[in-house]
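Please examine the sequence and the structure shown here before reading on.

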Amino acid sequence: MTELGAEVDFYDERPSNSNISKGIIRFNKRFYHLKINQYYNRILSEIRGKQYDFFFLIKGEAIPTFFLEKIKENNPEMEMIYYNFDPLTEYPNLISHLKYFDKKFTFEYNDSVKFNLSFRPLFYLEEYKNLNQNNRSSEYDVVFIGSAHTDRYIVGEKIRAAADRLNLNSYFYYYAMGRIAFRLKKLIDKNLKQFDIDKVSFDKLNHHQIIDFYKKTKSVLDINKPFQHGLTIRTFEVLASGRKLITTNADIKNYPFYCPNNILVVDRENIQLEPDFFKTDFKEIDREVLRKMSLDSFIECFFDRHQDEYWNSFRK
């Protein structure tokens, strides 16, 4: 936004990004309300007297109601914009905040219908764009890089076994935020109980490391949360990089870039890999479609013109 000429004040919506802080905010932020209130009162103090054209909130898991009311009171002409990249069914406490916003967007199509929100999928960063094409001599046929949650390990290991049966070379990298938090989650999450802790890393890969893996592979696997239909950011990064995508999210068939040559949809309950999928090259995505998938287009959607008609036109 700064590159586009805007003057931007940026604040993390959480007072802290420690694993403990994230966990408390996610499960019951009332236990953290004093620190949250102190944090947001400090923000109000720091921006006192400033006039803004826009207030842009992404998700807002920790943000208190009094802050939304106060910042609008201080900037009555300011446009309030909201975006969520998680299903509201998973975070129902966020629904009450919607009334404070002039423009409301979500990556989850079902939520856009249910809550009367604008539909805008995620994006890719320019670093991922067209790494190189026609990668027939790749080191790997399938790469998976993702956090350990829900049934991801169970599904991932089944797909790894299916790849082995086809003599495909695969690489799987599961990561978790912290060793103690992961062990605690294993005690209460039936899916994680099956997780071999020797197969999990506690070091998250950065963009450059992920890109290096993408350069070495024919395809990338994406395993969505079972209750989530909105497409992950990995979806856009993979396709923009010119890599094939294997995904458990069948809703991808309702997007303009869906192409069976590039995208293999697998049923997490009945996993089948198609050998022919790995024998063909990636089919280049239309330039205009690729631009709509970009971060620039994502920003334009919020601050210039919404793209509801475009993204909804592909729904079946």
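With which residue does E61 form a salt bridge? E61 pairs with K59, and their closest N and O atoms are 3.5 Å apart. A salt bridge here is a side-chain nitrogen of Lys or Arg within 4 Å of a carboxyl oxygen of Asp or Glu.

## Basis of the report

The model is predicted: local features need pLDDT of at least 70, side-chain atom pairs count only at pLDDT 80 or more, and totals for chains, interfaces and linings use all residues. Residues are numbered from 1 along each chain as its sequence is written, and side-chain values use heavy atoms, with hydrogens and water left out.

## Overall composition

The protein has 11 helices and 10 strands. These elements are DSSP runs numbered from the N terminus, with helices (H or I) of at least four residues and strands (E) of at least two. Of the 316 residues in the protein, 50% are buried. Buried means under 20% relative accessible area, exposed means over 50%, and partly exposed lies in between (1.4 Å probe, protein chains only).

The protein exposes about 16800 Å², of which carbon and sulfur atoms supply 49%. Accessible areas come from the Shrake-Rupley method with a 1.4 Å probe, and for residues only the protein chains shown count as cover. Among contacts with a separation of 6 or more, 67% are between residues 24 or more positions apart; a contact means heavy atoms within 4.5 Å.

## Salt bridges

A search of the whole structure finds 17 salt bridges. One of them joins D9 and K50, with the closest N and O atoms 2.9 Å apart. D9 lies in the segment before helix 1 (19-28) and K50 in the loop between helix 2 (33-46) and strand 1, so this pair ties together parts that are 41 residues apart in sequence. D9 is partly exposed at 36% relative accessibility, and K50 is also partly exposed, at 37%.

K218 counts as buried at 9% relative accessibility, whereas D281 is partly exposed at 22%.

## Buried helices

Why is helix 8 (residues 233-240) described as largely enclosed by the rest of the structure? The reason is that 7 of its 8 residues are buried. The buried residues of helix 8 are R234, T235, F236, E237, V238, L239 and A240. After helix 8 comes G242, which has a positive phi near 80°.

Helix 10 (residues 295-303) has S297, F298, I299, C301 and F302 buried. The cover over these buried residues includes strand 1 (54-58), strand 2 (79-84), strand 3 (103-106) and helix 9 (287-292).

F107 lies in the loop between strand 3 and helix 4 (109-114). At 2% relative accessibility, F107 is buried. The C-alpha atoms of F107 and G230 are 5.3 Å apart, although the two residues are 123 residues apart in sequence.

A161 belongs to helix 5 (residues 152-165) and is partly exposed, with a relative accessible area of 31%. Its C-alpha atom is 9.9 Å from that of I271, which is 110 residues away along the chain.

## Surface patches

Patches consist of residues with over 30% relative accessible area and no salt bridge; like charges are joined within 9 Å, and nonpolar side chains (Val, Leu, Ile, Met, Phe, Trp, Tyr) within 5 Å. Lys and Arg count as positive and Asp and Glu as negative, while His and the chain ends are not counted. The place of a charge is taken as NZ of Lys, CZ of Arg, CG of Asp or CD of Glu.

E3, E126, E127 and D296 form a negative surface patch. M1, V8 and F10 make a nonpolar surface patch of about 320 Å². V8 lies in the segment before helix 1 and is partly exposed, with a relative accessible area of 37%.
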